[in-house]
Amino acid sequence: MKMYKAVPFVIWAMLTQSHVYAGSLGYLKSAETLPQGAQEATLSITQKEGKRYGSYKRDEYRAEYAYGLTNDLSAAFYLNGIQHNFDCGTGCAGGPDDADKEISGSLHQSRMTGVSIELKKNLLSPYKDPLGLALLGEVTYATRDNITGEKGVGWGYETKLIFQKPYLDGQLQWLTNLELEVESWKAEGGSTTEWAVAPRLRTGVSYRFAPKWSVGLEGWIDKEILNSPGVTNDGKGGWEMDHWDLFAGPSIHYGDKSWWFTVTAVKQIAGSDESNNNHKGRHLADHEKKELRVKVGYNF
């Protein structure tokens with residue numbers, strides 16, 4: 001694109017695209033931040049369903065308020081909640097060749113589970129620089145285990161390196177997030193704390209096929225490493241690879257100047273299957289067979 005043609009496009013993109021593409025994919029974050037003084041409220045509902053045995057479903061809720069501290073730095077505060085609906089009997093999870101099942105019993109209950117605080121810093125603009133780049137950090141405090149509903153105290157620390165590249169004058173967007181998540185969990189009444197480290201790669205594309213409408217495809221692969229007492233033979237604990245998994249699926253997005261919504265459906269394509277050999281299959285202890293995420297945002 002020639003320089004004299006690029007100038008109006010950059011101005012238009014800075015004024016409008018931050019709202020349109022901030023939520024154009026359900027799981028990926030964009031490199032853009034809210035303008036200084038701008039505010040955004042978002043409600044996200046993620047339904048996760050399907051274990052290896054029994055009937056298992058949970059809905060995760062996140063209510064977000066975001067504020068533009070400067071033109072390249074935004075902050076967000078989240079309220080987190082979960083609704084569990086499962087009837088697992090002797091256990092919903094476990095390997096196909098392993099009788100040692102997990103997540104037993106039944107639970108039908110909704111609860112607020114914690115809060116999160118997030119900061120995002122834009123380093124390179126997707127519309128003025130060759131590649132958009134941002135850094136994001138998030139801290140989460142939790143009082144319930146997301147999977148089982150067990151009471152306890154958990155902390156989560158997540159960092160993201162965010163890349164964004166527009167093509168076709170912004171009609172096509174490519175997003176990639178490199179993530180590292182560290183979590184701790186101590187069950188109520190327990191004496192030990194379990195730690196988990198999860199590196200993750202997310203990537204996806206979004207294509208605007210009509211004014212205000214986009215379709216996309218996104219996915220991720222991650223790996224989780226655990227450290228907890230009893231992992232090693234001496235009972236003192238140690239680090240070991242717990243699982244890996246691969247998810248992917250389509251999304252659709254509508255974005256107006258003041259509000260937007262995104263719907264994304266993904267399924268687990270592959271993962272380590274919790275058997276003794278931990279071979280390829282699907283990982284259905286920490287994750288589910290499929291997920292559906294709906295996000296609605298309002299800018300003011």
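Let's start with Glu 274, which counts as buried because its relative accessibility is 15%; buried means under 20% relative accessible area, exposed means over 50%, and partly exposed lies in between, with a 1.4 Å probe and protein chains only. The side chain of Glu 274 meets that of Arg 52 in a salt bridge of 3.4 Å, N to O. By salt bridge I mean a side-chain nitrogen of Lys or Arg within 4 Å of a carboxyl oxygen of Asp or Glu. This pair links distant parts of the chain, 222 residues apart: Glu 274 sits in the loop between strand E11 (259-272) and strand E12 (280-281), and Arg 52 in the loop between E1 and strand E2 (55-70). Arg 52, at 24% relative accessibility, counts as partly exposed.

Before going on, a word on what we are looking at. This is a predicted model, where local features need pLDDT of at least 70, side-chain atom pairs count only at pLDDT 80 or more, and totals for chains, interfaces and linings use all residues. Residues are numbered from 1 along each chain as its sequence is written, and side-chain values use heavy atoms, leaving out hydrogens and water.

How far can we trust it? pLDDT is the predictor's confidence in each residue, from 0 to 100. The protein chain averages 89, and 88% of the residues score at least 70. Confidence is lowest in helix H1 (residues 3-21), with a mean of 42, and highest in E5, at 98. Over residues 1-21, pLDDT stays under 50. Where pLDDT is low, the predicted coordinates should not be read in detail.

Now the overall layout. The protein chain has 1 helix and 13 strands; these are DSSP runs numbered from the N terminus, with helices (H or I) of at least four residues and strands (E) of at least two. Of the 300 residues, 47% are buried.

Which strands pair with E4? Strand E3 (residues 73-87) and strand E4 (residues 106-124) pair in the antiparallel sense over 15 bridges, where pairing requires that DSSP finds at least two bridges between two strands. In that arrangement, Gly 81 stands opposite Met 112 in E4. E4 also pairs with strand E5 (residues 132-144), again antiparallel, over 10 bridges. There, Val 115 has Tyr 141 in E5 as its bridge partner.

Back to charges. Side chains of opposite charge can pair when their charged atoms come close. How many salt bridges does the whole structure have? A search finds 18. One of them joins Lys 48 and Glu 291, at 4.0 Å, N to O. Lys 48 lies in strand E1 (residues 39-49) and Glu 291 in strand E13 (residues 290-299), so this pair ties together parts that are 243 residues apart in sequence. Lys 48 is buried at 13% relative accessibility, and Glu 291 is buried at 5%.

Another salt bridge, of 2.7 Å, N to O, joins Glu 179 and Arg 202. Glu 179 is in strand E7 and Arg 202 in strand E8 (residues 194-210), 23 residues apart. Glu 179 is buried at 4% relative accessibility, and Arg 202 is buried at 10%. Both belong to a network of salt bridges that also links Glu 158, Lys 160, Glu 181, Arg 200 and Asp 222.

I'll finish with Gln 173, in strand E7 (residues 172-187). Is Gln 173 buried or exposed? Gln 173 counts as buried, at 1% relative accessibility. Its side chain makes a polar contact of 3.2 Å with the side chain of Tyr 127. A polar contact is a pair of N or O atoms within 3.5 Å; within protein, one must be able to donate a hydrogen and the other to accept it, and residues adjacent in sequence count only if both atoms are side-chain atoms. A second polar contact, of 2.8 Å, joins the side chains of Gln 173 and Gln 164.

Key:
Contact = heavy atoms within 4.5 Å.
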